[in-house]
Amino acid sequence: MDARPFTLVLAGGGARGYAHVGVLRALQVMGLEPAGVVGVSMGAVVAATYALREDWYEALLSVDLSGAPSLGAGHGLRGAAVHDGGIRRAWSYAHTAWNMVNGWGSPDDAAAAGRAALDTLVGSGRLEDGRIPVIVCATDLRSGSRVEFSSGPAASAVYASSALAGVVRPMERGNQLLVDGVYADDAPVDLARKMGAPVVIAVDPSQGAGAVLITNGLQAVMRAMEICHLVHAHLRTESADLVLRPEFREFIDVLDFDARRDCVAAGIRAVRAHRNELARIL
């Protein structure tokens, strides 16, 4: 299909970021490939893998995330509706809090498993070697500023962009302490504009709460982060030419990677629902 060049902005969203995989797959089926891609957090993982691997779709669906960092059993908002209390959940929260105060949140073996997953996806690839230009964004905790990567080792850039504060050890680079890019800028539409394509399409996998049970401080903190993410994402994507907001059939926890295929399906549905708008702007 002949189309105007476009740049994709893939916002953060944890496991829901797997919707980006569905969006890219559906666009590919339509004969549409972005001229460039900007990724934040899970969006950065997908963006770098897409740019560096021909088998990006299979790689992202099959990568082992079972040992990656989490907040412990029953940590999530969806999990809160399933685990209705008891010693096991109390111990999980206490263990999480201990790890946050005495370390970076996750045990070293979990952090190593998360980094191994990134290495599996992008290996020793460099961002500048992708088949299309890619920019990955992180947040510097010390300055509070957005940090951009368009070259250098992809695994390190993606790690920095997806290092959830309090869960994953930040990446030190010079005087910078780098964590998840969503904190500074969840959807860098301005960077996409600078890449030169006339059309910018943003994908925002944020999600409202639905029926959420909040019974303790950790759940309250997680929910507060979700609210900030939701509002921030909507504000930052307003300047895009089109915003795709996948609709999920149930609440997906930020770290519920077992739901990846449901999220992929949501991304595919989002593209199909906007076929007319895509035809109009492209």
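**Figure 1. R146 and its salt-bridge partners in the predicted model.** R146 has a relative accessible area of 23% and is therefore partly exposed. In this predicted model, R146 forms a salt bridge with D190, and the closest N and O atoms lie 3.0 Å apart. Through salt bridges that share partners, R146, E148, D185, D190 and R236 are joined into one network.

**Figure 2. The salt bridge between E33 and R131.** The side chains of E33 and R131 meet with an N to O distance of 3.2 Å. E33 belongs to the loop between α1 (19–29) and β2 (36–40), and R131 to the loop between α6 (108–122) and β3 (134–140), so the pair ties together parts that are 98 residues apart in sequence. E33 is partly exposed, with a relative accessibility of 42%. R131 is also partly exposed, its relative accessible area being 31%.

**Figure 3. The salt bridge between D55 and R53.** An N to O distance of 2.9 Å separates the side chains of D55 and R53, which meet in a salt bridge. D55 has a relative accessibility of 34% and counts as partly exposed. For R53 the corresponding value is 21%, which also counts as partly exposed. Because the cut-off for a buried residue is under 20% relative accessible area, R53 at 21% is not assigned to the buried class. The count of salt bridges in the model comes to ten.

**Figure 4. A nonpolar surface patch formed by Y183, V221 and M225.** Together, these three residues, Y183, V221 and M225, present about 240 Å² of accessible area. Y183 is located in the loop between β6 (176–180) and α8. At 34% relative accessibility, Y183 is partly exposed.

**Figure 5. Strand β1 and the strands paired with it.** Strand β1 (residues 6–10) is mostly covered, five of its five residues being buried. F6, L8 and L10 point one way from β1, whereas T7 and V9 point the other way; all are buried. β1 runs parallel to strand β7 (residues 199–203), to which five bridges join it. The bridge partner of L10 in β2 is G39.

**Figure 6. The right-handed β-α-β unit and helix α1.** The unit is made by β1, α1 and β2. Helix α1 is largely enclosed by the rest of the structure, because eight of its eleven residues are buried. The buried residues in α1 are A19, H20, V21, G22, V23, L24, A26 and L27. An α-helix has 3.6 residues a turn, so residues three or four places apart point the same way. After α1 comes G31, which has a positive phi, near 80°.

Conventions. Residues are numbered from 1 along each chain as its sequence is written. This is a predicted model: local features need pLDDT of at least 70, side-chain atom pairs count only at pLDDT 80 or more; totals for chains, interfaces and linings use all residues. Side-chain values use heavy atoms; hydrogens and water are left out. A salt bridge is a side-chain nitrogen of Lys or Arg within 4 Å of a carboxyl oxygen of Asp or Glu. Helices (H or I, at least four residues) and strands (E, at least two) are DSSP runs, numbered from the N terminus. Buried means under 20% relative accessible area, exposed over 50%, partly exposed in between (1.4 Å probe, protein chains only). Patches are made of residues with over 30% relative accessible area and no salt bridge: like charges are joined within 9 Å, nonpolar side chains (Val, Leu, Ile, Met, Phe, Trp, Tyr) within 5 Å. Accessible areas come from the Shrake-Rupley method with a 1.4 Å probe; for residues, only the protein chains shown count as cover. Two strands pair if DSSP finds at least two bridges between them. A crossover is right-handed if, with the strands pointing away from the viewer, the path from the first strand over the helix to the second runs clockwise.
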